[in-house]
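Q: Could we go through this structure together? I would like to begin with the ligands and then turn to the helices.

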Amino acid sequence: MYQDILKNYKIKENPVILAIESSCDETAASIVKNGREILSSKIISSCKEHIRFGGVVPEIASRAHTAAISIAVEEAVKASGLTLGDIDAVAVTYGAGLLGALLVGVSYAKTLAYSIKIPLVPVSHIRGHLSAAYLSDKELKPPFVSLLASGGHTAVIIVKDYTEYKILGQTMDDAAGEAFDKVARVLGLNYPGGPNIEKLAKEGTSSVAFPKMLHGNGGYNFSYSGLKTAVINYVHRFEMTGENYNRADVAASFQSAALDILAEKAAEACSEYNLSTITAGGGVVANGYLREKLTALCSKRGYKLILPEKILCTDNAAMIGAEGYIQYKNGNFAGMDLNASARVEL
Ligand SMILES: Nc1ncnc2c1ncn2[C@@H]1O[C@H](COP(=O)(O)OP(=O)(O)OP(=O)(O)O)[C@@H](O)[C@H]1O
Ligand SMILES: [Mg+2]
């Protein structure tokens with residue numbers, strides 16, 4: 001029985017982990033050694049299939065995962081120069097995300113772990129985003145402040161230890177990425193909104209005074225719904241009167257209003273909790289404006305900043321391998337009854 005294999009299993013010193021991610025529209029597989037070294041990372045995205053619907057269609061995403069998962073895994077194994085026999089564990093995102101999409105990865109990972117008799121490691125996608133930083137700085141050790149800004153989450157977190165977190169504050173409504181996607185739609189930009197707003201913002205200036213959300217109050221919490229509504233109302237007012245407005249200025253103004261506060265609150269946390277390192281993760285952290293803002297702020301205040309490469313900020317499997325390593329070392333193994341979960345606690 002599979003459970004018997006786990007009972008007698010000895011945790012390896014420098015494990016090679018095959019990680020699988022399928023929580024949204026990226027089917028990804030990666031081979032990560034010792035939680036820090038990416039031997040290969042493959043991402044097959046169904047993003048283009050969702051553009052005409054203005055957002056991810058769960059059924060389309062699930063079907064795309066089914067078609068792509070074997071290819072992603074095979075390519076990742078091949079690119080690593082290893083064989084399946086060299087893999088010590090399979091780590092898989094079991095949540096948070098789209099249930100049908102997650103189930104494709106979870107079912108694949110279970111089958112693989114069972115057939116080659118290695119541990120199955122359940123990984124939270126959110127923790128994966130936070131652990132991307134370990135791939136970017138191989139010496140990084142907790143404690144540090146982590147800024148999480150993705151399509152579904154926005155939070156300032158203290159990573160006290162590898163498995164111990166304290167959420168200082170989070171969004172009370174929309175996530176940062178969600179706000180980018182919604183504002184993009186109003187500006188007539190395609191999904192995913194973040195990169196398209198960033199591109200348009202480069203042609204404009206931050207000249208429209210949108211509300212600075214929870215600036216100076218609200219602790220470490222965020223609220224994007226007021227800002228989002230302000231942008232929507234601004235655009236609709238011009239559209240109703242037929243007057244021209246500068247879309248690029250709106251994009252630039254929204255971008256700075258949405259992102260300045262993220263960098264400021266992360267830096268504030270570093271100061272209040274007497275820490276010296278800030279890391280960041282999640283798709284929004286791929287934004288060049290936010291990266292520059294964080295870089296400038298950290299350099300001014302003398303904090304060390306660990307910014308994962310952009311490809312490690314948006315969804316990928318390498319970050320699941322990094323977090324999978326931490327869970328593996330803790331002996332957090334799943335059985336064949338592992339289920340997918342749309343929501344998970346950090
Ligand atoms: N350059 C960018 N600027 C701003 N936002 C961006 C950029 N690139 C991606 N995003 C946003 O990041 C989000 C995607 O990030 P990610 O893939 O981490 O989210 P998710 O996996 O859907 O959600 P979660 O990780 O919270 O479950 C989208 O909302 C997208 O618009
Ligand atoms: Mg994500």
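A: A term first: helices here are DSSP runs of H or I with at least four residues, numbered from the N terminus. Please note also that this is a predicted model.

Q: Which helix gives the most to the shell around ligand 1?
A: That is α7, with four residues. The helices α5, α6 (176-186) and α7 (193-201) each supply at least two residues of that shell.

Q: How many residues surround ligand 1, and which are the closest?
A: Ligand 1 is surrounded by 19 residues, and the closest are Ser-150, His-153, Asp-181, Glu-198 and Asp-315.

Q: What lies 2.7 Å from an oxygen atom of ligand 1?
A: An N or O atom in the side chain of His-153 does. At 2.9 Å from an oxygen atom of ligand 1 there is a polar side-chain atom of His-129. Gly-194 places a backbone N or O atom 2.9 Å from an oxygen atom of the ligand.

Q: And how much of the accessible area of ligand 1 does the protein cover?
A: The protein covers 88% of the 640 Å² that ligand 1 has on its own.

Q: Where in the chain are His-125 and Asp-315?
A: His-125 is in helix α5 (residues 125-136), whereas Asp-315 is in the loop between α11 (310-313) and α12 (318-329). The pair is 190 residues apart and links distant parts of the chain.

Q: Are those two buried or exposed?
A: His-125 counts as buried because its relative accessibility is 8%, and Asp-315 counts as buried at 14%. The cut-off for buried is under 20%.

Q: On to α9: what span should helix α9 have, and how far apart are its end C-alpha atoms?
A: Helix α9 (residues 247-272) has 26 residues, which at 1.5 Å a residue should span 38 Å. Its end C-alpha atoms are 38 Å apart, in agreement.

Q: Why is α9 described as largely enclosed?
A: Because 21 of its 26 residues are buried, α9 is largely enclosed by the rest of the structure.

Q: What is found at the start of α9, and what just after α9?
A: At the start, a side-chain oxygen of Asn-246 comes within 2.9 Å of the backbone nitrogen of Ala-248. Just after α9, Asn-274 adopts a positive phi of about 60°.

How values were computed
Residues numbered from 1 in each chain as written. Chains lettered and ligands numbered in written order. Predicted model: local features only at pLDDT ≥ 70, side-chain atom pairs only at ≥ 80, totals over all residues. Heavy atoms only, no water. Expected span 1.5 Å × (residues − 1). Buried < 20%, exposed > 50% of the residue type's maximum accessible area, 1.4 Å probe, protein only. Polar contact = N/O pair within 3.5 Å; in protein donor to acceptor, adjacent residues only side chain to side chain. Near = heavy atom within 4 Å. Areas by Shrake-Rupley, 256 points an atom, 1.4 Å probe, with all protein chains shown as cover.
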